[in-house]
Amino acid sequence: MNTTTNAVSTRRRAGLTATVATALALTATACGPGDKGDSSSQAAAPSSATAAAGAGKGGLDLAKALQNLKNWSADDWAKWAQSHGFKPEAIKGFWDQAKMEAAKGMENQEAGIQSSRTAPENDPQPTVIQAKPQAHPYTPGTAVLGKIFMTVSADEAAVCSGTVISDPAHPGKSNLVWTAAHCLHGGKGADWFKKISFVPSYNRSGAASNGRHGTEQQAAPYGVWDADYAVVSPQWAEEGGERGGPVSQYDFGVIRVHNEDGGGRSLEETVGSSVPVWFNAPRNQIAGVSAYGYPQAAPFDGRELEHCDSAVPPARLSFDASRPTMYNIGCTMTGGASGGGWFVTRNGKPALISENSIGPRPAGWMAGPSLGDEAQSVFNFISRKQD
């Protein structure tokens with residue numbers, strides 16, 4: 001674990017800035033599923049994917065099917081899940097405070113990111129924006145943000161960031177968390193990471209800041225929520241592993257969680273809110289964006305919720321012009337921030353349009369996938385999936 005406590009403690013404490021300051025401070029009822037910006041208004045059932053002909057052991061003809069992901073039917077997803085489905089684990093009590101503090105930030109940076117800034121679909125590199133720590137205690141609205149813990153090997157634990165999102169199939173009672181695909185699955189030839197859990201509003205009070213450890217209750221004020229299902233873009237599962245290339249344009253995933261201590265309240269009810277996903281958000285309607293996460297690689301220590309606030313529209317970044325172009329803003333967040341939500345204000349309320357995916361080393365900007373029809377198909381699958 002990379003720790004630079006003194007650097008964190010001496011940085012200026014700052015609250016939310018203009019882009020989503022008011023929106024993310026709203027209470028649960030202000031950003032619930034009744035809003036016009038809710039993903040439920042855009043979650044129409046996909047038409048049948050006729051291109052997904054059976055191949056091998058009842059699987060998909062991926063070469064054809066991935067070109068038509070936005071139109072996959074429930075049957076297509078069922079075939080995919082036969083060979084790529086997430087297997088839940090009984091992990092209650094695994095993530096104690098010591099393990100959470102020892103987990104390393106999941107790397108979101110690549111030293112050799114290749115892209116041509118002169119390509120027609122790309123914009124110049126954005127101006128660097130310094131990440132700022134969210135002031136303690138975190139506002140009720142920021143309770144939707146938290147840390148995702150996982151084991152990536154038998155002897156290595158890692159951490160990412162995630163956001164509680166609205167679920168039209170369970171209005172007001174969502175158990176869904178949006179994050180990056182590389183936080184959940186190893187990519188091509190690999191498998192799902194293990195022991196995946198979400199801790200909303202990690203270190204909300206600040207009791208675990210400035211070199212202090214605080215108690216486990218203070219570190220996880222809303223408890224620990226274990227994954228009972230997860231899905232990533234099929235492109236990531238087939239191509240992923242390397243970050244900073246074409247597959248990063250599909251670097252998104254969702255987990256469904258349950259409170260490991262039981263109880264009948266959903267994640268959304270417990271933290272008090274959720275944020276709708278704005279799929280296919282028109283670029284000309286994005287005036288600015290705020291990216292959030294728990295960066296852990298130096299100069300951060302993973303104990304603070306940080307944010308980068310851009311007051312201008314995000315730049316475009318693409319590695320493959322045939323795929324959805326990524327958003328790109330200036331930001332100095334590092335590993336551990338992967339999967340943290342990107343927010344805009346829509347109709348006076350927050351909406352999620354992307355998440356932290358890749359950045360250079362040293363940190364100076366961050367890129368996240370634009371969430372189009374393919375992302376909505378992934379979301380629809382887990383939202384409608386029944387146990």
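The structure is a predicted model. Its mean pLDDT is 82, and 80% of the residues reach a score of at least 70. Over residues 1-60 the pLDDT stays under 50. For this stretch the model has 166 contacts beyond four places in sequence.

The protein contains 9 helices and 17 strands. Of its 387 residues, 57% are buried. Among contacts with a separation of 6 or more, 77% are made by residues 24 or more positions apart. The protein exposes about 14400 Å², of which 51% is supplied by carbon and sulfur atoms.

In soluble globular proteins, nonpolar side chains tend to be buried together. In the present model, the largest nonpolar core comprises 69 residues. Within this core, Met 150, Trp 178, Phe 198 and Ile 255 touch the most other members. The greatest contribution to the core comes from strand β9 (residues 225-232), which provides 6 residues. The surroundings of Ile 255 illustrate the packing: residues up to four places away in sequence aside, Ile 255 touches Ile 148, Asn 175, Leu 176, Val 177, Leu 184, Ile 196, Phe 198, Ala 227, Tyr 229, Ala 230 and Ile 382. Another core, of 18 residues, lies apart from the largest one and includes Trp 278, Ile 286, Phe 300 and Met 333.

Side chains of opposite charge can pair when their charged atoms come close. The count of salt bridges in the model comes to 8. One of them joins the side chains of Lys 195 and Glu 89, with an N to O distance of 3.9 Å. This pair links distant parts of the chain, 106 residues apart: Lys 195 belongs to strand β8 (residues 194-200), and Glu 89 to the loop between α4 (74-84) and α5 (97-102). Lys 195 counts as partly exposed because its relative accessibility is 25%. Glu 89, at 30% relative accessibility, is likewise partly exposed.

A further salt bridge is formed by Glu 101 and Arg 303, whose closest N and O atoms are 3.8 Å apart. Here too distant parts of the chain are linked, since Glu 101 lies in helix α5 and Arg 303 in the loop between β11 (289-293) and β12 (306-310), 202 residues apart. Both partners are buried: the relative accessible area is 13% for Glu 101 and 7% for Arg 303. The pair is also part of a network of salt bridges that links Glu 101, Asp 301 and Arg 303.

The side chains of Asp 123 and Arg 316 likewise meet in a salt bridge, at 3.0 Å from N to O. Asp 123 is located in the loop between β3 (104-105) and β4 (132-133), and Arg 316 in strand β13 (residues 315-317); the pair therefore ties together parts that are 193 residues apart in sequence. With a relative accessibility of 29%, Arg 316 counts as partly exposed.

Definitions and conventions: Residues numbered from 1 in each chain as written. Heavy atoms only, no water. Helix = DSSP H or I, 4+ residues; strand = E, 2+ residues; numbered from the N terminus. Buried < 20%, exposed > 50% of the residue type's maximum accessible area, 1.4 Å probe, protein only. Contact = heavy atoms within 4.5 Å. Areas by Shrake-Rupley, 256 points an atom, 1.4 Å probe, with all protein chains shown as cover. Salt bridge = Lys/Arg side-chain N within 4 Å of Asp/Glu carboxyl O. pLDDT = per-residue confidence, 0-100. Core = buried A, V, L, I, M, F, W, Y, C linked by side-chain atoms within 4.5 Å.
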